[in-house]
Amino acid sequence: MADEQTISRQELCSWAKQHGEVIAIALTSAVVLIAMQYAVKAGMLAVILDGAAWSDDLNRLVGWAMGCVLLYLVLPMVVLKLLGRSVRDCGWNLRGMRAHWRLYALLLIPVGIAVVLVSSLPGFQASYPFLKNPVDWRELMIWECCYVA
């Protein structure tokens, strides 16, 4: 017990100032994961869309897609701005995509084959498609746009 060292408030503040970005990223990650689990997946954003002229299933999925965009994209971008950083500093850009498009296209082949092979399995069919019974083409297009986002 005599070996224990106590950290002064000044030392703690100095350490926090020195590691501010890491602390902000860790806190943002925790907030995002908690909000996704207990708010978005629980359907809290779907309540906002409750009066929408589409099915309850689509309402739930659009709420989930909105939550993903807000929590995985918008919130981290806001935190980066507050930290004085650019999203490009963190690798969020399209640089190099043009140079590698052939590789990406080539990789679609094995992925496509794998999807076709597993698409008839009960486990796959239980999860996909997310929108099980779209009412019409409009609902399907709304969902596809949200899913792409």
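1. Asp89 is partly exposed, at 47% relative accessible area. Asp89 pairs with Arg85 in a salt bridge, and their closest N and O atoms are 3.5 Å apart. Shared partners join Glu21, Arg85 and Asp89 into one network of salt bridges. Note that this is a predicted model.

2. Glu21 and Arg85 meet through their side chains in a salt bridge, 2.6 Å from N to O. Glu21 sits in helix α2 (residues 20-40), while Arg85 sits in the loop between α4 and α5, so this pair ties together parts 64 residues apart in sequence. Glu21 is partly exposed, with 33% relative accessibility. Arg85 is also partly exposed, at 28% relative accessible area.

3. The count of salt bridges comes to three. Is Asp57 buried or partly exposed? Asp57 counts as partly exposed because its relative accessibility is 23%, and buried would require under 20%. Arg60 is partly exposed too, with a relative accessible area of 45%.

4. Helix packing comes next. A packed pair of helices is described by the angle and the distance between the axes. Here the pair is α4 (residues 56-82) and α7 (residues 137-148), whose axes come within 9 Å and cross at roughly 20°. That makes α4 roughly parallel to α7, because angles under 35 degrees count as roughly parallel. The crossing of these two helices, α4 and α7, is left-handed.

5. Ala53 lies in the loop between α3 (44-48) and α4. Ala53 is exposed, and its relative accessible area is 67%. The C-alpha atoms of Ala53 and Glu139 are separated by 9.6 Å, although the two residues are 86 residues apart along the chain.

6. Finally, the nonpolar surface. Which residues make the nonpolar surface patch? Leu103, Leu106, Leu107, Ile109, Ile113, Leu117, Val118 and Leu121 make the patch, which covers about 750 Å². Leu121 lies in the loop between α5 (97-118) and α6 (122-127). Leu121 counts as partly exposed, at 46% relative accessibility.

Notes. Residues are numbered from 1 along each chain as its sequence is written. This is a predicted model: local features need pLDDT of at least 70, side-chain atom pairs count only at pLDDT 80 or more; totals for chains, interfaces and linings use all residues. Side-chain values use heavy atoms; hydrogens and water are left out. Patches are made of residues with over 30% relative accessible area and no salt bridge: like charges are joined within 9 Å, nonpolar side chains (Val, Leu, Ile, Met, Phe, Trp, Tyr) within 5 Å. Accessible areas come from the Shrake-Rupley method with a 1.4 Å probe; for residues, only the protein chains shown count as cover. A salt bridge is a side-chain nitrogen of Lys or Arg within 4 Å of a carboxyl oxygen of Asp or Glu. Helices (H or I, at least four residues) and strands (E, at least two) are DSSP runs, numbered from the N terminus. Buried means under 20% relative accessible area, exposed over 50%, partly exposed in between (1.4 Å probe, protein chains only). Axes are lines fitted to C-alpha atoms, for helices over the stretch in contact, and angles run from 0 to 180 degrees between N-to-C directions. Angles under 35 degrees count as roughly parallel, over 145 as roughly antiparallel, 65 to 115 as roughly perpendicular and the rest as oblique. A crossing is left-handed if the near helix is turned anticlockwise from the far one by less than a right angle, and right-handed if clockwise.
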